[in-house]
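This report walks through one protein structure for a reader who has not seen it before. Please keep the sequence and the model at hand while reading.

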Amino acid sequence: MVRLALGLGVLSLGMLGPACVTSAQPRPAERSSPRTQSMDERVRVLLSGIEDAPSRAEMLALGMPGFEALVRLEANASEPGALRLRAITCAGWFHGERPRAYLRGLLASATEPLRLRAAIRAYGANLEAAELASPEPLLEPITRHARHDDPAVREAVYLTLIAVRAQAPERARATITSTLEHLLASEADAELVQATRARMSS
């Protein structure tokens, strides 16, 4: 009787067919290749390096879809803070009306000092030398933060103006220098003034 029962069990499994046996086996984990990754996933991987942010060339090679992915990732509060800050930095590498409008929006709305600092530096990096013949209107989104309560934000303003001055046409440099001098004249942090003047003369 035992042999008969075992035989019937084997026969029953055979009648179920191979499809049933196959479905009971766990499927191997599917890995997405670079071709099948969404743009957000590709950008997230680039931003998630342990030490280094992606290079300018790597980001610009993704084109405007890459920029839009940066915007979405930066706006997602569930993403790590370091990744969101890197997204702002990388957004400054893209040129055109859409990136400029995005950075201006951040400068107008950001309240967290780290996020605001990143937006200031990114906006400065976004400015092109050819645009700086009349720098005052372009620099206003930066200089409006020169009275921020956080000295690190004010420092970002000064350092960004210095960086912009370095690439500006000769006639515009005097205007930017005058703007810096005016801001430093009312800066209460003596060490920050000293450090900024040292950077200005280097």
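A polar contact is a pair of N or O atoms within 3.5 Å; within protein, one of the two must be able to donate a hydrogen and the other to accept it. In this predicted model, the side chains of Glu74 and Tyr102 are joined by such a contact, at 3.3 Å.

**Around Glu74**

Glu74 is found in helix H5. Its relative accessibility is 2%, so Glu74 counts as buried, the limit being under 20%. Leaving aside residues up to four places away in sequence, Glu74 touches Arg84, Ala87, Ile88, Tyr102, Leu106 and Arg115.

**The fold as a whole**

The protein has 12 helices and zero strands. Read along the sequence, its pattern is α-α-α-α-α-α-α-α-α-α-α-α. There are 202 residues, and 35% of them count as buried. Of the contacts between residues at least 6 apart in sequence, 60% join residues at least 24 apart. The protein exposes about 12300 Å², and carbon and sulfur atoms supply 57% of that area.

**Salt bridges**

Side chains of opposite charge can pair when their charged atoms come close. The structure holds 10 salt bridges, and three of them are listed here.

| Salt bridge | Closest N to O |
|---|---|
| Glu68 and Arg98 | 3.1 Å |

What does the salt bridge between Glu68 and Arg98 tie together? Glu68 lies in helix H5 (residues 63–75) and Arg98 in helix H7 (residues 97–109), so this pair links parts that are 30 residues apart in sequence. Glu68 is partly exposed, at 26% relative accessibility. Arg98 is partly exposed as well, with a relative accessible area of 37%.

Glu131 counts as partly exposed at 31% relative accessibility, whereas Arg100 is buried, at 13%.

Arg154 is buried at 12% relative accessibility, and Glu187 is buried at 10%. Elsewhere, salt bridges that share partners join Glu74, Arg84, Glu112 and Arg115 into one network.

**Helix H11**

The buried residues of H11 are Ala172, Ile176, Leu180, Leu183 and Leu184. These residues cover an arc of only 110 degrees around the axis, so they sit on the same side of H11. They pack against H9, H10 and H12. On the other side of H11, Arg171, Ala174, His182 and Ala185 are exposed.

Key. Residues are numbered from 1 along each chain as its sequence is written. This is a predicted model: local features need pLDDT of at least 70, side-chain atom pairs count only at pLDDT 80 or more; totals for chains, interfaces and linings use all residues. Side-chain values use heavy atoms; hydrogens and water are left out. Helices (H or I, at least four residues) and strands (E, at least two) are DSSP runs, numbered from the N terminus. Buried means under 20% relative accessible area, exposed over 50%, partly exposed in between (1.4 Å probe, protein chains only). Contact means heavy atoms within 4.5 Å. Accessible areas come from the Shrake-Rupley method with a 1.4 Å probe; for residues, only the protein chains shown count as cover. A salt bridge is a side-chain nitrogen of Lys or Arg within 4 Å of a carboxyl oxygen of Asp or Glu. The arc is that of the directions from the helix axis to the C-beta atoms.
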